[in-house]
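Here's a quick briefing to read with the structure open beside you. Have a look at the fold, then go through the notes by topic.

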Amino acid sequence: MKRISILGVPVDNCTRRGAVERIEQLLRSGMQHMVATPNPEMILAARKDADFLRILQSASLNIPDGTGVVWAARHQKQTLQERVTGTDVMIDLCSLKHGYRIFLLGAMEGVAQAAKEKLMAMNPNLHIVGTFAGSPNVSDEQAIVEYINRTQAQLLFVAYGAPQQERWIARNLAKMPTVNVAMGVGGALDFIAGAQVRAPVSWQKAGFECAWRLLHEPQRWRRIWNAVIVFPLTVLFAR
């Protein structure tokens, strides 16, 4: 799987199916891996934060989660086959027949449990061994890590939002020896649980998901501005 660079952040040229297959390989590798989902906001943040950039550069798989990322690759005469959302990859992983032990961490209180119920309805054989809201605060880490370790989870989804979730994984993955893959999934638990309404597929394919989110969550205007205005301009004028 070829890896390209967008403003210094490595992004893997994968399809949705290819991302799932690669994560399955990582789960079977016997080693520990972090999976990230770089989008325009995350790439902009990494330009200003050397530690966050280092974390993204160390990830075993960086999924191109944003039409802006795919556009940036084309502008640089590189190839990303398609946008691949973390939410879709998470749903696909939870649909696998193989019984990986899964833990859902993050989001608001009760959201992870609601997401578990929705995922279990899609795949009754799914083995979700725990859910917990918690927080990305360092002071809460020991208790959360101990809880996850008691479940012997193999696949950990962390929904604290970027860059907090990636920092949390980088600090704690080695402390959870049974976890083979930890993946930052942003708002995926909210979407799956129905706490937030995801843009229709037609809007997603047309590249209008940001417009949809602005209509439904106008308080996100600054983040959307960064994604649709600041990021393209940064790519255009970057050396």
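What follows covers a hairpin, a histidine in a strand and a cavity.

Keep in mind that this is a predicted model. Its strand 1 and strand 2 run antiparallel, and a search of the whole structure turns up one cavity of 30 Å³ or more.

**The hairpin**
- Strand 1 takes in residues 3–6, and four bridges join it to strand 2.
- One of the pairings to look for is Ile6, whose bridge partner in strand 2 is Val9.
- Two residues sit between the strands of this hairpin, and Leu7 has a positive phi near 50 degrees.
- Strand 2 (residues 9–12) is covered on both faces. Val9 and Val11 are buried on one side, while Pro10 and Asp12 are buried on the other.

**His33**
- You'll find His33 in strand 3, which spans residues 33–36.
- Is His33 buried or exposed? His33 counts as buried because its relative accessible area is 10%, and the cut-off for buried is under 20%.
- Setting aside neighbours within four places in sequence, His33 is in contact with Leu26, Ser60, Leu173, Asn180, Val181 and Ala182.

**The cavity**
- Rolling a probe the size of a water molecule over the atoms shows where empty space is left.
- The largest cavity holds about 50 Å³ of space.
- Its lining is made up of Leu93, Leu96, Lys97, His98, Gly99, Tyr100, Ile102, Asn123, Asn125, Leu126 and His127.
- By type, the lining of the largest cavity splits into five nonpolar residues, five polar and one charged.

Conventions: Residues are numbered from 1 along each chain as its sequence is written. This is a predicted model: local features need pLDDT of at least 70, side-chain atom pairs count only at pLDDT 80 or more; totals for chains, interfaces and linings use all residues. Side-chain values use heavy atoms; hydrogens and water are left out. Buried means under 20% relative accessible area, exposed over 50%, partly exposed in between (1.4 Å probe, protein chains only). Two strands pair if DSSP finds at least two bridges between them. On a 1 Å grid over the protein atoms alone, a cavity is a set of points where a 1.4 Å probe fits but cannot get out, and a pocket is an open set with protein on both sides within 12 Å along at least five of seven lines; lining residues have an atom within 4 Å of a point. Grid points are joined across faces, edges and corners, and a volume is the space filled by probe spheres set on the points. Ala, Val, Leu, Ile, Met, Phe, Trp, Tyr, Cys and Pro count as nonpolar, Asp, Glu, Lys and Arg as charged, and the others, Gly among them, as polar. Contact means heavy atoms within 4.5 Å.
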